[in-house]
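Dear colleague,

Here is the structure I promised to pass on to you. Please have a look at it first, and then read the notes below alongside it.

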Amino acid sequence: MNDFVPGSQVMTVNNQVAPADPMIQANAQFAQVAADQRLLSLMQASAQLQLFQQFKKIETQAQYDQAIDAFTAAKEKIKDLEDLRKSVVAVPTKFVQMVNNLFRQIRGGIEKSKEHLGEIIDAKKQMDLQAAELAAKEASEKIKEGEPEVVEEDGVGTVQMGEGGQTPPPSNVVESARGAKVHTRKDILVEVVDLKLFLKTLSSKNKRYEWFTEKADDLIDVKLGVLKQLVKDNRQKKIPGVKFKDITKTV
């Protein structure tokens with residue numbers, strides 16, 4: 001009997017248990033969706049509606065009526081297609097959400113532990129560095145205060161003034177007794193604490209900030225949907241730096 005591996009999927013082939021190929025399963029499920037009569041009907045409707053793209057302008061009332069009917073039908077088919085898509089992906093989407101939530105929770109606990117361990121390791125390294133610096137400072141002060149070390153060799157005392165204490169540079173690798181290694185690196189934490197001042201500096205002409213202002217488009221991502229809704233809600237069309245244009249669309 002084959003051992004079952006937790007988390008693996010199995011399928012029966014010729015009375016034998018074999019690992020399932022995700023691509024084969026996906027292709028099989030996709031084939032079922034593609035063969036759905038509702039989808040086939042929508043595909044036919046799409047092909048018929050695309051014929052209207054051949055007409056560049058409306059010249060007669062009959063064409064006008066036909067265009068309106070086709071436009072209304074296109075709206076309905078778009079809704080039908082979206083409803084069908086949602087029904088098809090509802091179960092797998094829910095499954096993916098549940099899996100992602102589970103893994104996110106587990107990962108969150110691990111990342112918090114990792115972050116905490118990193119903090120206490122950094123604190124220990126800092127304590128060790130401060131202790132080493134203090135010891136080097138005390139050794140240097142003893143030498144300056146004239147406390148030479150007397151070393152006897154062949155019955156003759158020799159005075160050695162010694163060398164000033166030097167603190168070795170801190171290592172960026174910490175290793176445990178079991179051989180596990182932790183690497184440290186310097187980084188920068190960046191936080192915008194004054195948005196108005198930040199935007200003012202971003203639009204500054206001062207050459208001192210040229211390296212910063214020339215990347216304004218990369219730094220700022222304007223949410224045009226939110227901006228449009230604010231304009232509509234407040235009935236305002238005067239914002240410095242913003243262009244407005246009234247348009248009419250058939251919906």
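Accessible areas here come from the Shrake-Rupley method with a 1.4 Å probe. On that basis the accessible surface of the protein comes to about 23500 Å², and 56% of it belongs to carbon and sulfur atoms. Please keep in mind that this is a predicted model, with a mean pLDDT of 83 for the protein and with 82% of the residues reaching 70 or more.

As for the overall make-up, the protein has seven helices and six strands, which follow one another along the sequence as β-β-α-α-α-β-β-β-β-α-α-α-α. Of its 251 residues, 5% are buried. Among the contacts with a separation of 6 or more, 28% are accounted for by residues 24 or more positions apart.

The buried residues of α2 are L39, L42 and A45; because they cover an arc of only 115° around the axis, they lie on the same side of the helix. Among the elements that cover these buried residues are α1 (22-34) and α3 (61-144). The face of α2 turned away from the buried side carries Q37, Q44 and Q48, which are exposed. At the start of α2, a side-chain oxygen of D36 comes to within 2.8 Å of the backbone nitrogen of R38.

Two single residues further along the chain also deserve a look. T213 is placed in helix α5 (residues 210-213), and it counts as buried because its relative accessibility is 17%, the cut-off for buried being under 20%. If its neighbours within four places in sequence are left aside, T213 is in contact with T201, L202 and S204.

The other residue is R235, which is found in the segment after α7 (224-234). Its relative accessible area is 77%, so R235 is exposed, since exposed means over 50%. The phi of R235 is near 50°, a positive value in a residue other than glycine. For context, most residues other than glycine have a negative phi.

Conventions
Residues numbered from 1 in each chain as written. Predicted model: local features only at pLDDT ≥ 70, side-chain atom pairs only at ≥ 80, totals over all residues. Heavy atoms only, no water. Buried < 20%, exposed > 50% of the residue type's maximum accessible area, 1.4 Å probe, protein only. Helix = DSSP H or I, 4+ residues; strand = E, 2+ residues; numbered from the N terminus. Arc of directions from axis to C-beta. Contact = heavy atoms within 4.5 Å. Polar contact = N/O pair within 3.5 Å; in protein donor to acceptor, adjacent residues only side chain to side chain. pLDDT = per-residue confidence, 0-100.
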